[in-house]
Amino acid sequence: MLKIHDLHVAVDGTEILNGIDLDLKAGEVHAIMGPNGSGKSTLANVLAGRDGYDVTGGGVTFKEHDLLGMAPEERAREGLFLAFQYPVEIPGVATTTFLKHAVNAVRRHRGEEEVDAMGFVKLAREKGRALGIDDAMLKRPVNAGFSGGEKKRLETLQMALLEPGLAILDETDSGLDIDALKTVADGVNALRTEDRAMLVITHYQRLLDYIVPDRVHVLAQGRIMRSGDKDLPAELERQGYADLVNPAA
Amino acid sequence: MSDVSGQVEGLAGEQYKYGFVTDVEQELAPRGLNEDIIRLISEKKGEPEWLLEWRLNAYRGWQGMEEPRHWPKLTFEKIEYQNLHYYAAPKQQAKPESLDEVDPELLRTYEKLGIPLQEQEWLAGVAVDAVFDSVSVATTFREQLEEQGIIFCSMSEAVQNHPDLVRRYLGSVVPKTDNFFAALNSAVFTDGSFVYIPPGVKCPMELSTYFRINASETGQFERTLIVADKGSYVSYLEGCTAPQRDENQLHAAVVELVALDDAEIKYSTVQNWYPGDAEGRGGIYNFVTKRGACRGKNSKISWTQVETGSAVTWKYPSCVLQGDNSVGEFYSVAITNNHQQADTGTKMIHIGRNTRSTIISKGISAGQSNQTYRGLVKVLPRGEGARNFTQCDSLLIGGRCGAHTVPYVESRNPDAQLEHEATTSKIDEDQLFYCRQRGIDPEEAVSLVVNGFCKDVLQKLPMEFAVEAQKLLGISLEGSVG
Ligand SMILES: Nc1ncnc2c1ncn2[C@@H]1O[C@H](COP(=O)(O)OP(=O)(O)OP(=O)(O)O)[C@@H](O)[C@H]1O
Ligand SMILES: [Mg+2]
């Protein structure tokens with residue numbers, strides 16, 4: 001599904017990622033952990049095609065295609081979804097309107113019929129209810145004045161509506177209360193199928209108790225310093241990142 | 001991939017979607033402007049003597065006036081006033097009694113514009129006074145309106161059938177020598193719309209006129225007069241498109257609104273005239289004088305406009321708040337792309353007591369366009385309790401366009417409360433990326449974000465107009481991103 005090969009990325013001349021390798025297969029969930037500023041969001045953004053990052057080496061394939069040559073919207077339509085660490089507010093644009101544009105863009109790409117306004121509202125309501133997003137929230141402008149947790153729920157709703165092949169969740173758990181964490185995890189797990197893959201960025205084991213990963217990677221200083229199975233987070237929780245960040249010490 | 005600002009630079013402008021010329025035989029007056037031409041126009045229209053005199057006086061005033069070339073932030077080519085035709089009419093035998101009698105070529109034009117008259121008549125319940133060049137060719141729903149005593153007809157017909165009303169109100173808001181373009185219009189206007197709503201009547205439908213410039217090198221001088229008598233209400237829609245052509249076309253319209261005691265006029269415009277090509281060739285010159293007088297107590301006039309067209313726009317729809325407790329509103333979205341220039345805004349003149357005005361202006365500049373908001377809020381000494389709220393927001397797309405805000409405030413009453421807020425920002429790359437990450441293409445993303453930016457204004461438009469306007473925002477910004 002996603003193959004990252006020796007990826008180097010710089011921002012304004014400073015190298016942030018220096019040699020990332022990752023092989024994420026369909027049906028798998030990989031978690032990425034690591035200290036603040038280690039480059040987790042940078043990786044997610046580069047995969048999604050955000051401006052401002054220079055790929056200085058290596059490459060990425062997504063479903064066997066060269067990912068880095070694709071425009072952000074093409075990546076999205078091909079099924080790459082990023083749940084943002086900091087979702088953006090879009091004043092004046094009703095959430096339903098925004099979601100409908102997104103869903104129809106993806107459907108057009110897949111050669112499916114567009115959903116009409118009525119049908120869409122029904123769909124969004126239904127999926128929203130499962131995530132604790134009510135009608136009033138759907139009518140409000142995108143993320144405008146949403147609480148931290150509400151924004152994360154809306155990211156999850158978007159994922160549920162777009163049904164991506166590859167979902168990258170950047171700290172979708174942060175800011176969620178205990179119940180919401182479970183709701184969101186349920187939403188994510190509902191999408192876990194043989195032909196989908198997920199990259200879950202998180203600081204906490206909590207989330208990984210609900211979304212049990214196949215592999216866990218620790219990103220530090222722009223590199224994957226360690227990889228392990230679902231038990232690695234527990235170990236990290238006990239020891240912290242110190243040994244990984246300064247392995248020589 | 002480059003950032004959006006970069007993409008803006010590289011792209012050619014949109015293809016003007018309504019660029020075509022209707023092939024209808026035209027009756028043209030000889031080129032040039034002089035008293036004989038004015039006499040010819042007046043005679044062709046069978047006008048009374050007083051109106052001819054009025055026109056001639058306007059013309060004499062105009063001769064001593066100067067084009068507003070220096071104070072607006074606009075540059076435009078020399079306009080050869082003596083090289084224009086001041087009268088053009090589609091050749092038609094007699095006035096059509098119904099749509100069936102209308103030249104099918106004309107009807108096809110409207111259909112291309114997406115305004116099938118029949119459909120409008122059947123579906124939308126909108127009465128349409130369609131203006132083709134200078135002569136009205138079709139008026140619908142008139143009977144229904146007549147039952148309530150509402151007059152909705154072309155200005156020429158009004159001159160014939162309701163001369164007293166026309167004589168009383170014509171030029172009473174925009175004097176015939178108010179400014180260079182208004183004076184020119186007063187001298188040579190060939191048609192336009194006239195509306196009169198009798199006391200206490202709420203007009204049951206939106207009144208709508210579609211303007212269309214067609215004849216090559218024919219200046220357009222529309223004259224609109226709307227009078228809402230005591231306690232009445234009317235909502236009027238004006239929308240227009242023009243065919244693609246190379247030479248600049250002058251448009252100098254005058255719109256006058258009069259609201260008497262407790263009356264309300266809502267005037268909405270979607271303006272989509274040919275803006276010129278991506279290199280800035282061609283396009284309409286739009287010099288319009290629009291003014292409303294809230295003459296009676298508790299009267300209200302709102303101007304709502306979505307301006308996306310024209311190469312040059314010079315336009316300041318204004319409210320003269322004479323009546324006590326009267327209310328003036330100006331809600332505006334102006335989009336300029338490529339080489340378009342717009343110097344637009346409003347004037348709110350607070351004369352009566354406890355008058356209120358609201359100004360919300362949203363300007364979007366893309367390409368190499370230039371836009372200026374110019375607004376005047378003036379409170380006269382008697383205007384106790386006057387209040388104004390002004391909000392001007394400018395959004396820039398790309399690095400080569402300009403936005404300027406020029407607010408003038410003159411208060412001669414210490415009691416007046418005037419508030420002004422202004423912002424200028426670049427279109428937010430993070431918002432665009434967020435949209436694109438969800439599969440939305442860049443143009444659609446810009447259109448969404450811009451629609452959101454304009455929301456406060458768009459929601460003031462009547463429903464069916466709002467939908468059109470939203471589409472238009474998208475169309476106007478095509479080519480502003482890749
Ligand atoms: N646009 C940018 N300009 C300058 N520096 C940047 C930019 N983006 C990221 N960086 C830097 O790159 C490093 C990695 O940032 P990134 O956001 O990827 O970290 P992270 O692992 O997601 O951290 P956190 O756990 O706090 O979310 C940081 O030092 C950050 O300051
Ligand atoms: Mg991060």
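Between chain B and chain A there are 14 residue pairs in polar contact, counted where both residues have pLDDT 80 or more; a polar contact is a pair of N or O atoms within 3.5 Å, where, within protein, one must be able to donate a hydrogen and the other to accept it, and residues adjacent in sequence count only if both atoms are side-chain atoms. The elements that give two or more residues to this side of chain B are α10 (429-437) and α11 (442-458) of chain B, helices being DSSP runs of H or I with at least four residues, and strands runs of E with at least two, numbered from the N terminus.

This is a predicted model, in which local features need pLDDT of at least 70, side-chain atom pairs count only at pLDDT 80 or more, and totals for chains, interfaces and linings use all residues. Residues are numbered from 1 along each chain as its sequence is written, chains are lettered from A and ligands numbered from 1 in the order in which they are written, and side-chain values use heavy atoms, with hydrogens and water left out.

Let us turn to charge. The rule finds four salt bridges across the interface of chain B and chain A, each a side-chain nitrogen of Lys or Arg within 4 Å of a carboxyl oxygen of Asp or Glu. Glu444(B) pairs in this way with Arg108(A), with 3.4 Å between the closest N and O atoms.

Ser41(A) lies in helix α1 (residues 40-48) of chain A, and Gln85(A) in the loop between β6 (80-83) and β7 (90-94) of chain A, 44 residues apart.
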